[in-house]
Amino acid sequence: MSADIAKLEKILRMEAANNYKDQLVFRGLAAFVGNWVRESLKTSLDPAEARLIEQVSEQLIDYGQLTVLERAKAIQAVLDTTAEIGRGQKPASAAPPTPLTAARPRPEISANRPPASPARRLPPRVVDETGPTSPIEPLTVSLSQAVPGQKVAASNPNTTLHNPNTKTKTKTVTAADLQAPLTTVKGVGETYAKLLGFINLRTVHDALYYFPFRHEDFSSFKKINELMYNQTESVIAKVVDTKGIRTGGGKEIIEVIVEDATGRLSCFFFNRRLTYALKAGETMVFSGRVDMWSNNRICFKSPTFERADQELLNTGRLVPVYSTAGPLKVATLRKMIKTCVDTYAPVLPEHLPEPIRQRVELTSLSQAIHNYHLPANQAIKEVARRRLAFDEFFMVQLGVLLKRQQWREERPGVPIEIDRELLQAWFDALEFKVTRLDPETNEMISELHKLELTGAQLKAIDDILADLGKSKPMSRLLQGDVGSGKTVVGATGLLMAVANGFQGALMAPTQILAEQHFQGLRRLFDSFEASEAAQARGLKIRLELLTGNIKKKDALYQRIRNGEVDIVVGTSAVIQEVVAFNRLGLVIIDEQHRFGVIQRATLRGKGAASAANAERANPHLLVMTATPIPRTLNLTIYGDLDLSIMNEMPPGRLAIKTRWVKQSERQGAYNFIRKQISLGRQAFVICPLVEESEKIEAKAAIEEHLRLQTEVFPDLKVGLLHGRMKPVEKDLIMHQFRDRQYDILVATSVIEVGIDIPNASVILIEGADRFGLSQLHQFRGRVGRGQSQSYCLLMASEELSQDGRERLRAIETTSDGFVLAEIDLKMRGPGEFFGTRQSGVPDLRAAGVNDVELLETARHEASQLFAHDPDLRQPEHSLLHQKVSQLWSFEGDLS
Ligand code: ADP
Ligand code: MG
């Protein structure tokens, strides 16, 4: 015999024995069937076998999507046929002779299990097959057209993927319909569409990409007499009776009694309305956790149920759970999305090039979308997720590569030569300031010490100087934990630019930070200018501060344009707006971990475009951040940048002692703060709220400030800083705090970024349990910047979530920001980790933290593709090109 019928029979019998759960084959029975059919077609077949193959391919091809009843029937029908072939007969009675070209309708077959009620047929699917086939894709064949290995349908978006063999009453769906509003979907009216708008679902495409956040596993079917307490199960049972029971408290409970061949079961409901659909005599599927009621009897409480004679959606399978909002019910949403998935997923054009799909072993987009919503089992869901996760990474990588290339090729960079002698003189002149309390005078004194660069700093400087020497503009990210000394590293680059006659710019996210940098750099340059090497070269660095506060801006702009200023330090807003440089060689962006790739590119682009001379080369770019970004995300968000990591702290730093303080210990915490202040130190009290508006946050801070000033520390000077203040006000407060006009500063989350107040030795964080670890770590980094011991006190509510507890334990015991970021990301997922402010980068929805390997693959594939077709101009990449442009909302055309 040519077709391996025995193998087919064996697997079908096993599947029947396993209650039609579709869990035997890794990618689902349909996948097995697809392969089996393909294999069989390669051999020569007698007519009976040919008919069997057609029957198999037709009836079992969407096995995963059949109801249990339909599965049972389909398998039985096929087994009937194989039995007849075995007996040497033509398979006529079980499967009525269908013309070879007709894929539908299904033959009627008598099933011997489970409870028979007339099976309602699946609505004919308009489209059976989409895109190039992948190895796991089941294939509906009809022998007249099936050639082994032949591809069915095309991936051209404009091709109507309409199976000519399907007799359909529904209108033909095309890829163009994906952009149609949801009102075009059956059952969605204007009002419902409005509700869907609340969760940003507007088009069919939106719905297809609205992924469930988890699946409820109702896939295990049991007979009533097999049910075990506390297991989540599904049963197929007939409704026998419904009665109302009054409880002692006068509440009504509805008991619905159902039965199958093995026994009876009570289902309890607490709302009569819910039971209206349960009519005596109807066969239903019930899913839920098996519970217990009086006399140790097993029952279901408020189970989910639906009719057994239709395709199961809410019971008896992996049920997708979607997040909803307002009056939008999850079951309704589920149904709507299912309709979309069934109708439109098949016409989703495949944008991934076939060779990539084959190499990476990715399922088709249509399959992936279908199976990520409505998987037959966990394995299938994972296959689908993997494909979609790859897509996300791949798109991000391509976008990043395109941006980087644009940047690099628009204009070449200018090589900056490194004067080694000068560099040594600079290193020799480096100093850092230590402030401490003089025990005799009780005054704070500052001392300058020789600064020895750490190994990590030297390595980073090496990386940067090597980049600067090239004619391609540098694109580098310098990542180093809070206090690791990034400023000196950046300053070294700036100095080299200036020594070569170029200008440099250093941008900070806030005015106060810009000012801090300005003063810090001035100090460093002053001592350097006194060195012999600098004197010999007549090197004097003209450093200017450019913030919103600066008066006579026009004159300053003029001098920058004329090249009379060497280095401009300012906020990025100011620099983006107006400034034209004369010979801009290096741009440094500090603490911009929340800046997306797009903003960076724009910034770079602006720098060049605003240059007086339009043919000028692009400046080198260095981005500095203290936010340690886990590897998965690092490669995505900073994929356009080369990376230098500083994983070493300057010597003599003491780890910040961090303690989780209970509410009952609050007074003790205040006493501790008081003690630190009496030692000449200062304190931060952070009382931020998560996810609230700045207004509410400000209010909380104002109240806390009042309470602390009047009730707790009436004798001390307590300052207040919040996001509703004007920038000038904020700056004023920060200056006053730095000048020790306040002992304590009460602040909201505006304090997060980069402020350097070495004299502050203690930070108390209210509501600490509500923050992500990375953010807590950033807050904590506001202290411990000097040489003395610093402390972080974490105040949390008494009723802590498990999550909150774990986070506080983690931050208490770990001072490594990188480790914390990894934990944070695992606990919260990438979306939350970056918050909404991480704009400009496509969402990672299917991809997770553990997909590092897949990310690497995507990165590799993207650069391969890119090397070969840098502008994505080749016709087979046009769809990809379109998709990347959309996702990244590139202005205009990419090429
Ligand atoms: P960050 O990486 O957070 O931007 P900074 O550049 O602000 O860190 O440096 C923090 C403090 O450490 C500054 O006061 C700086 O002078 C000091 N510092 C930097 N490098 C060293 C070093 N190698 N040895 C000692 N102190 C250093
Ligand atoms: Mg810094």
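This short tour visits a ligand site and then a pair of helices. Keep in mind that you are looking at a predicted model.

**Stop one: the ligand**

Select ligand 1 and show what lies around it.

Now zoom in on Glu452, where a backbone N or O atom lies 2.8 Å from a nitrogen atom of ligand 1. Next, pick Gln457: here a polar side-chain atom lies 2.9 Å from a nitrogen atom of the ligand. Then move to Ser484, which has a backbone N or O atom 3.4 Å from an oxygen atom of ligand 1.

**Stop two: two helices**

Select residues 5-17 for helix 1 and residues 29-41 for helix 2. How do they pack? Their axes are 11 Å apart, at an angle of about 170°. Since angles over 145 degrees count as roughly antiparallel, helix 1 and helix 2 are therefore roughly antiparallel to each other.

To see where they touch, show the side chains of Ile5, Lys7, Leu8, Ile11, Leu12 and Glu15 in helix 1, which meet Leu29, Phe32 and Trp36 in helix 2. This contact has seven nonpolar, no polar and two charged residues.

Note on methods
Residues are numbered from 1 along each chain as its sequence is written. Chains are lettered from A and ligands numbered from 1 in the order in which they are written. This is a predicted model: local features need pLDDT of at least 70, side-chain atom pairs count only at pLDDT 80 or more; totals for chains, interfaces and linings use all residues. Side-chain values use heavy atoms; hydrogens and water are left out. A polar contact is a pair of N or O atoms within 3.5 Å; within protein, one must be able to donate a hydrogen and the other to accept it, and residues adjacent in sequence count only if both atoms are side-chain atoms. Axes are lines fitted to C-alpha atoms, for helices over the stretch in contact, and angles run from 0 to 180 degrees between N-to-C directions. Helices (H or I, at least four residues) and strands (E, at least two) are DSSP runs, numbered from the N terminus. Angles under 35 degrees count as roughly parallel, over 145 as roughly antiparallel, 65 to 115 as roughly perpendicular and the rest as oblique. Contact means heavy atoms within 4.5 Å. Ala, Val, Leu, Ile, Met, Phe, Trp, Tyr, Cys and Pro count as nonpolar, Asp, Glu, Lys and Arg as charged, and the others, Gly among them, as polar.
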